[in-house]
Amino acid sequence: MRRVRPPSADDRSGIVLPRRRLLRALGGIGIGAFALPGRPEPADHPAATGSRAGNGAPSPPDDWCGPRVGSPLLVPGEAGLFARLAPNGAPLTLTAKGSTGIEARWPMAFAADHRGRRFWNPTFAFERGERARIELVNAIGEPTIVHWHGLANDTANDGAGLTVAAPGSRYAYDFVVRERAGLYWYHPHPHGLTAGQAYRGLFGLVVVDDAEDRALRTALDLAWGRTDIPLVLQDRRAGAVYDATSADRHHGFLGGAATVNGGTDPYLDVATRTYRFRILNASNARTYRLGFADAAGKALSFTLLGTDGGLLAKAVPCTECFVSSAERVDILVDLSAAAIGDAVVLETRGFDPMHFDPPATSTGAAAPAHAAGDWPEGASRRLLTLRVRERVAYRAVVPARLSAASEIDVAGARERAFRLGYAKGRWRINDRVFVMGETPVEVVRDTTEVWLLRNYHTSMPHAMHVHGFHFRVLERETSPDALRPLAVDERGRLSTDLGWKDTVLVWPGESVRVALRFAMAFPAPQTYLLHCHNLEHEDGGMMLGMKVVAG
Ligand code: C2O
Ligand code: CU
Ligand code: CU
């Protein structure tokens, strides 16, 4: 097997993969010994009931993806779906297509041809600092535009929908990828049409690389496509149509089938070593409470390496993390002490979705429950099964320092509050809904602000996203009880709050304080957006324009 270099003096100061430490502490052997004590086993655990769907619900519908139920995980390769496409400075054409023929998984997808290969929803691989020249061709018969989620672009290259490409037309992007190494993504952003187009398959990944990430991959002997694998989560309904009801528009469009890289209930054969998974929640509205479990349903720990904006300064041991729409987590799972034949499941665990129904209005717009078919929001579900098939010698230690992730100095920062609420049948920010052309938020270039994102008690969780700037989470206040055990510091922050973020989930009754630094590489003014990334809420106007003006 591949040789892993022995730990250096530097490495010895690093943190040992937590599960190995746990093994020593428990003195156990076999994967079952890694179970974390004290976690009540949910009665609806898929493995406990033996049902594929969990929570006693029928199995997910699979007619939309046919043979992919229970088949091998699609690991992006050299061509095809999610394949890695490194333009290396070459200009590319990305065509949004309304008929794809790719196993009917999605009725829409992005196609790109490069060096004789056909890519569907390519994973763009950029080196930090690389120039990207991508021309969008709109072949879907309705207006569209591509937004580069998490990449700091000027307004023209942000693709936020302030300008769109009409059917049959083209839109040229030309920008420099300035981000830290990490997992970003792209999806349509034509206002009012975003949710339907994303649901029908128009989305893909962007992987940015730099020296820090290469050093980590070397230290852990990780190789893209083999032991460093992207996982794209999306819940889907049977059939390919996007037909959001008023209930869907209120709660968000939820599907009854869990898909990972386009397949339902896939498995991946693994060896006794460490695997890195870079996970994107590409669901329109669903939040996942991600964790790993052994075949008996016992929770296993993992290591959080990074968040939306790249690697954390230091790795954090985790037992689970919430991942809302558009959020990314970069995690490491250590299978080195597993036995051949063991199965480790990536699952979403049950939680209280805290969806409060709005007061009934005269229009009767208020929907009854979060009508999610056979997979209600907050219900558990098995997502991916890792089948341990091969024993290899592997020894690696997570470096003590992953990156030089900085903090934001908030001394003298201007404070601003955003109230997330509901009135007259619409989700709102500071009582407003989005109006094209208006920028009610005006910030001054090169200044720092602290934003207080306050969600009402009688609301539902909102995944708040800011275009153009990554932010740091400073504090969570009055969080729901269910979140408290997950807090990692006295400021109520979760493990996923410890890195750079572009999207943060704000629970009902909760206030999340974030810091933003409005430094940009472009001349002022530039216009961006701030919105809820529940795509039905976004399309419904839970979004504000934001202008960055000169100081
Ligand atoms: Cu990923 Cu404005 O969105
Ligand atoms: Cu964005
Ligand atoms: Cu929302």
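## The copper site

In this predicted model, the copper ion (ligand 2) is held by two histidines, His147 and His465, each through NE2, at 1.9 Å. Donors here are N, O and S atoms within 2.8 Å of the metal (3.2 Å for Na, K and Ca), and since water is not among the atoms, sites may look incomplete. His147 sits in strand β8 (residues 146–149) and His465 in strand β29 (residues 462–466), so the pair links parts that are 318 residues apart in sequence. Strands (E, at least two residues) and helices (H or I, at least four) are DSSP runs, numbered from the N terminus.

His147 is buried, at 1% relative accessibility, and His465 is buried at 1% as well. Buried means under 20% relative accessible area, exposed over 50%, and partly exposed in between (1.4 Å probe, protein chains only).

## His537 and its surroundings

His537 lies in helix α8 (residues 535–539) and is buried, with a relative accessible area of 1%. Its side chain makes a polar contact of 3.2 Å with the side chain of His462. A polar contact is a pair of N or O atoms within 3.5 Å; within protein, one must be able to donate a hydrogen and the other to accept it, and residues adjacent in sequence count only if both atoms are side-chain atoms.

Leaving aside neighbours within four places in sequence, His537 is in contact (heavy atoms within 4.5 Å) with residues including Arg249, His250, His251, Trp427 and Met460.

## The nonpolar core

The largest nonpolar core has 48 residues, and Leu231, Phe277, Ile279, Leu290, Phe292, Leu383 and Leu386 have the most contacts inside it. Strand β20 (residues 310–318) gives the most to this core, with five residues. Such a core is a set of buried Ala, Val, Leu, Ile, Met, Phe, Trp, Tyr and Cys residues joined through side-chain atoms within 4.5 Å.

Take Leu231: beyond its neighbours within four places in sequence, Leu231 is in contact with Leu73, Val260, Phe277, Ile279, Leu346 and Leu384, among others.

## Strands and sheets

Seven of the eight residues of strand β28 (residues 448–455) are buried, so β28 is largely enclosed by the rest of the structure. Strand β25 (residues 414–423) pairs with β28 in the parallel sense over seven bridges, with Arg414 opposite Glu449. Strand β32 (residues 511–517) runs antiparallel to β28, again over seven bridges, and here Thr448 stands opposite Arg517. Two strands count as paired if DSSP finds at least two bridges between them.

Elsewhere, six strands make an open sheet with mixed pairing, in the order β1-β5-β4-β3-β7-β9. The edges are β1 (80–81) and β9 (170–176), each with a single partner strand, so one side of each has no neighbour in the sheet. Within this sheet, β3 (residues 92–97) and β4 (residues 109–114) run antiparallel, joined by three bridges, and Ala96 stands opposite Phe110.

The peptide bond from Ala524 to Pro525 is cis, with omega near 0°; Pro525 is in the loop between β32 and β33 (526–532).

Two non-glycine residues with positive phi are worth a look. Phe82 has phi near 60°, lies in the loop between β1 and β2 (84–85) and is buried at 1%. Ala326 has phi near 85°, is found between β21 (321–323) and β22 (328–334) and is buried at 0%.

## Ground rules

Residues are numbered from 1 along each chain as its sequence is written, while chains are lettered from A and ligands numbered from 1 in the order in which they are written. Local features need pLDDT of at least 70 and side-chain atom pairs count only at pLDDT 80 or more, whereas totals for chains, interfaces and linings use all residues; side-chain values use heavy atoms, with hydrogens and water left out.
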